[in-house]
Amino acid sequence: LGNQLVKNAQDVNYGFKFFLVNNNELNAFAFFGGHVGIHTGLLTTADNESELASVIAHEISHVTQRHLARRLESQINSQALSMAGMVSGILIALVNPTAGMAALSASMAASQQASINYTRGNEKEADRVGIALLANSNFDPQGAPSFFSKMSEKYRYASKPPAMLLTHLFPESRIADARQRAHNFPIRKLAPSLQFELAKARIKARYQGNAKDNIRNFTQQLRDKKYIIKAAAEYGLAIAYFEDKQYHSAKKILENLKIQETHNLFYIDVLTDVYIALEEYDKAITMLENLALYMPNNQVISLNHGNALLSAKKYEQAEIVLQDFLLVNPDNFIAYDILTTVYQKQDKKGLMHTAKAEVLALL
């Protein structure tokens, strides 16, 4: 999703790196080198892909407009004046404490206000550029005001607003401005995204709530037909069954889903875990070997393949799969972690310690 937006962004001078942070707080952030972090709470709160894309577009715009670099430059330029004002206040305080403290407070307040004004200016610019980017990337530009309004309304009477409302400043005037900007672009009615709904279901079932509650929730969704895409609700239920160690129930759902979409990596990832839990190693290995022909060195396929071979005690084959993958993806933490165990099982102590060193270095 991030790369789809970057493809249409202006002034992109380097590759972007998008990553999820497992945190229910509604927040997102960008920093040097095109690194953009998205809290999982944002993904599960968004009703559609355009709403989530609006947040990512906003953060991309912070990077392409050099807001962080410009802010640091501004702080460096204003630091000397701020220090001069503070020193003057301290000197005045030696003669007249009341006047000196007033001067010192005024100097600090002016510095803080300048920072706040600069932040507001950056946020307004990121809104303008982000909404244009959203529209140019074929998402619905109304996703931006829709999501901001939803978030502001949700926390209107809460004693503690989400981190994003504190760092991104969402007064009503700004939401109205975003709505007005979005109206400059045509509204796009997009079909629901299966990938988006699967990602939401995965996060909810694996990282939020407990397994039994999640089973009840997804079962109720399916019974009452209160879902955006049925397959995503079934997938969420399968993960909840897996987390509750009801492996046969999970297997039945996932195998049916895989018939509908043979190469879906969401299904394959969890189905591999189910086969391993049921000690049906040959099923997992055959499935992944066939998929590797279509998607060589794919992260999901290769890591699951290596793990399935490790579980089946086929250590030499696991070693080959993981080494091949690491030739193409030399910084993959999980691959080195599995490979460490493979070497340990083979009693290859030198290679085990080397692989473990790579794990620690990457950490």
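This is a predicted model: local features need pLDDT of at least 70, side-chain atom pairs count only at pLDDT 80 or more; totals for chains, interfaces and linings use all residues.
Residues are numbered from 1 along each chain as its sequence is written, and side-chain values use heavy atoms, with hydrogens and water left out.

**View 1. The protein as a whole, with 18 helices and three strands.** Helices (H or I, at least four residues) and strands (E, at least two) are DSSP runs numbered from the N terminus. The protein has 363 residues, 44% of which are buried (buried is under 20% relative accessible area, exposed over 50%, partly exposed in between, with a 1.4 Å probe and protein chains only). Among contacts (heavy atoms within 4.5 Å) with a separation of 6 or more, 60% join residues 24 or more positions apart. The mean pLDDT (the predictor's confidence in each residue, from 0 to 100) is 85, and 79% of the residues reach 70 or more. Look with care at residues 112–118, where the pLDDT is below 50 and the stretch has six contacts in the model beyond near neighbours in sequence.

**View 2. A buried salt bridge between K251 and E280.** The structure holds 10 salt bridges (a side-chain nitrogen of Lys or Arg within 4 Å of a carboxyl oxygen of Asp or Glu). In this one, the closest N and O atoms of K251 and E280 are 3.1 Å apart. K251 sits in helix α12 (residues 247–260) and E280 in the loop between α13 (265–277) and α14 (281–294), so the pair ties together parts that are 29 residues apart in sequence. Both K251 and E280 are buried.

**View 3. D282 and K314, a salt bridge between a helix and a loop.** The N to O distance for D282 and K314 is 3.9 Å. Because D282 belongs to helix α14 and K314 to the loop between α15 (299–311) and α16 (315–328), their pairing ties together parts that are 32 residues apart in sequence. D282 counts as exposed, at 54% relative accessibility, whereas K314 is partly exposed at 32%.

View 4. K348 is partly exposed, with a relative accessible area of 29%, while E319 is buried, at 10%.

**View 5. The one cavity of 30 Å³ or more.** On a 1 Å grid over the protein atoms alone, a cavity is a set of points where a 1.4 Å probe fits but cannot get out; a pocket is an open set with protein on both sides within 12 Å along at least five of seven lines; lining residues have an atom within 4 Å of a point. Points are joined across faces, edges and corners, and a volume is the space filled by probe spheres set on them. The largest cavity has a volume of about 40 Å³. Its lining is made up of S54, H58, A126, D127, G130, I131, A144 and F148. At least two residues come from each of α3 (49–64), α5 (97–136) and α6 (143–154), and α5 gives the most, with four.

**View 6. The largest pocket, about 1,600 Å³ of space.** It is lined by 33 residues, and the closest to its centre are F18, F19, L20, R202 and Q299. Elements that each supply at least two lining residues include α1 (2–6), β1 (17–21), α2 (40–45), α9 (194–207) and α13. Helix α9 provides the largest share, seven residues.

**View 7. Positive phi at N138 and D347, neither of them a glycine.** Most residues other than glycine have a negative phi. N138 has a phi of about 70° and lies in the loop between α5 and α6, where N138 is partly exposed with a relative accessible area of 48%. D347, our opening residue, has a phi near 60° and is exposed, with a relative accessible area of 55%.
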